[in-house]
Amino acid sequence: MATLHLEHRITDFPTWKAAFDRFAPARNEAGVRRQRLWTQADDPHQIVVQLDFDDADAARAFLGFLQAKVWSTPENSPALDGAPVGRILESRS
């Protein structure tokens, strides 16, 4: 199991969430098994997304997709405020 952990700032949650929802088919095709969305308790403009994959290679491939096709295009990432950070975490339990 691997988790793609993403953090970034947004300017408007409803706008960001609508864009996030449009990429649900891409997440399904990439093998996302579970997703979790968080906002920071004291800053609702700070978003954390966790996407679970079967392995780190699938998570790494999806991170590449986000970097090349989503975050690099303002039309695909409205309300994004700054550069996202992505980390791939592997379960050790």
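# Notebook: a predicted chain of 93 residues

I began with burial: 37% of the 93 residues in the chain are buried. Buried here means under 20% relative accessible area, exposed means over 50%, and partly exposed lies in between, with a 1.4 Å probe and protein chains only. The model is predicted, so local features need pLDDT of at least 70 and side-chain atom pairs count only at pLDDT 80 or more, while totals for chains, interfaces and linings use all residues. Residues are numbered from 1 along each chain as its sequence is written, and side-chain values use heavy atoms, with hydrogens and water left out.

**Entry: the fold**

I looked up the secondary structure and found three helices and four strands in the chain. Helices (H or I, at least four residues) and strands (E, at least two) are DSSP runs, numbered from the N terminus. Along the sequence I read the pattern β-α-α-β-β-α-β.

**Entry: overall dimensions**

I took the box around the C-alpha atoms along the principal axes, and it is roughly 35 × 30 × 20 Å. The radius of gyration of the chain is 13 Å, which agrees with a compact globule of 93 residues, because such a globule would have a value near 12 Å. That radius is taken over C-alpha atoms, and the globule rule is 2.2 Å times the number of residues to the power 0.38.

I then looked up contacts, meaning heavy atoms within 4.5 Å. Of the contacts in the chain with a separation of 6 or more, 68% are between residues 24 or more positions apart.

**Entry: surface and charge**

I noted that the chain exposes about 5,500 Å², and that carbon and sulfur atoms supply 51% of this area. The areas come from the Shrake-Rupley method with a 1.4 Å probe; for residues, only the protein chains shown count as cover.

For charge, I found 11 positive and 13 negative side chains, with the centres of the two sets 3 Å apart. Lys and Arg count as positive and Asp and Glu as negative, while His and the chain ends are not counted. Each charge is placed at NZ of Lys, CZ of Arg, CG of Asp or CD of Glu.

**Entry: the largest nonpolar core**

A nonpolar core is a set of buried Ala, Val, Leu, Ile, Met, Phe, Trp, Tyr and Cys residues joined through side-chain atoms within 4.5 Å. The largest one has 20 residues, and the members touching the most others are Leu4, Leu6, Trp16, Val49, Leu51, Phe53 and Leu66. At least two residues of this core come from each of strand E1 (2-10), helix H1 (13-22), strand E3 (43-53) and helix H3 (56-70). H3 gives the most, with six residues. In soluble globular proteins, nonpolar side chains tend to be buried together.

I checked Leu6 on its own. Leaving aside neighbours within four places in sequence, Leu6 contacts Ile47, Val48, Val49, Leu51, Leu63, Leu66, Trp71, Val85 and Gly86.

Alanine 24 lies in helix H2 (residues 24-30). I list alanine 24 as partly exposed because its relative accessibility is 26%.

Alanine 79 sits in the loop between H3 and strand E4 (80-90). I list alanine 79 as buried because its relative accessibility is 13%. Its phi is near 75°, a positive value in a residue other than glycine.

Arginine 9 is in strand E1 and is partly exposed, with a relative accessible area of 30%. Not counting residues up to four places away in sequence, arginine 9 touches Asp43, His45, Gln46, Ala79, Leu80 and Asp81. I also noted 8.0 Å between the C-alpha atoms of arginine 9 and alanine 83, which are 74 residues apart along the chain.

Arginine 33 is in the loop between H2 and strand E2 (34-40), and at 55% relative accessibility it counts as exposed. With residues up to four places away in sequence not counted, arginine 33 touches Asp52, Phe53 and Asp54.

Arginine 92 lies in the segment after E4 and counts as exposed at 71% relative accessibility. Arginine 92 and methionine 1 are 91 residues apart in sequence, yet 8.9 Å apart in space, C-alpha to C-alpha.
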